[in-house]
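I am opening my notebook for a new structure. Here is what I looked up, entry by entry.

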Amino acid sequence: MSDNGPTPEEIEADIARQREALAETVDALQHKLDVKTRAKGKATELKERATTDTGAVRPDLAAGAAAGVVLLVALVVWRRRHR
């Protein structure tokens, strides 16, 4: 018997692989397009990184934020005086 291409079993196996790959792609796209869930997850992650185990703001971040505010105020005052 001559080789006339893939057998029906091979075709069915190929279709099953393609379906699985398509399902994975659709799942990845759904996850990527679910902005609300991703935003909530990112907010939770940032909150966990910005607080201690007790829920208080990390002292190093509070000091950094205070320094940033002082720098911003100093810049505004300096610009107003040098106009």
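**Entry 1: a place to start**

In which helix is the place of E9? I found E9 in helix α1. I count helices as DSSP runs of H or I with at least four residues, and strands as runs of E with at least two, numbered from the N terminus.

I noted that this is a predicted model, where local features need pLDDT of at least 70 and side-chain atom pairs count only at pLDDT 80 or more, while totals for chains, interfaces and linings use all residues. Residues are numbered from 1 along each chain as its sequence is written, and side-chain values use heavy atoms, with hydrogens and water left out.

**Entry 2: the overall build**

I looked up the secondary structure and got three helices and zero strands. Along the sequence the pattern reads α-α-α. The radius of gyration is 29 Å, well over the 12 Å that the globule rule gives for 83 residues, so the chain is more spread out than a compact globule. (This radius is taken over C-alpha atoms, and the rule is 2.2 Å times the number of residues to the power 0.38.) The C-alpha trace spans about 95 × 40 × 20 Å along its principal axes.

I also checked two distances. L33 and A16 are 17 residues apart in sequence, and their C-alpha atoms are 26 Å apart in space. For L22 and V57, 35 residues apart along the chain, the C-alpha separation is 44 Å.

**Entry 3: buried or exposed?**

How much of the chain counts as buried? I read 0% of the 83 residues. Buried means under 20% relative accessible area, exposed over 50%, and partly exposed in between (1.4 Å probe, protein chains only).

**Entry 4: surface patches**

Back to E9, which is exposed at 55% relative accessibility. With D3, E10 and E12, E9 forms a negative surface patch. Patch residues have over 30% relative accessible area and no salt bridge; like charges are joined within 9 Å, and nonpolar side chains (Val, Leu, Ile, Met, Phe, Trp, Tyr) within 5 Å. Asp and Glu count as negative and Lys and Arg as positive, with His and the chain ends not counted.

I then found a nonpolar patch of L72, L75, V76 and W78, with about 410 Å² of accessible area together. (Areas come from the Shrake-Rupley method with a 1.4 Å probe.) Its member L75 lies in helix α3, residues 59-81, and is partly exposed at 45%.

**Entry 5: salt bridges**

How many salt bridges does the structure hold? I noted four, each a side-chain nitrogen of Lys or Arg within 4 Å of a carboxyl oxygen of Asp or Glu.

One of them joins D14 and R17 at 3.6 Å, N to O. Both residues lie in helix α1, three residues apart, about one turn of the helix. D14 is partly exposed at 33%, whereas R17 is exposed at 53%.

K42 pairs with E45, their closest N and O atoms being 3.9 Å apart. These two are also three residues apart, in helix α2 (residues 35-50), which means about one helical turn between them. K42, E45 and R49 are linked in a network of salt bridges.

D60 and R58 form another bridge, at 2.8 Å between the closest N and O atoms. D60 is partly exposed at 47%, and R58 is partly exposed at 28%.

Definitions and conventions
The place of a charge is taken as NZ of Lys, CZ of Arg, CG of Asp or CD of Glu.
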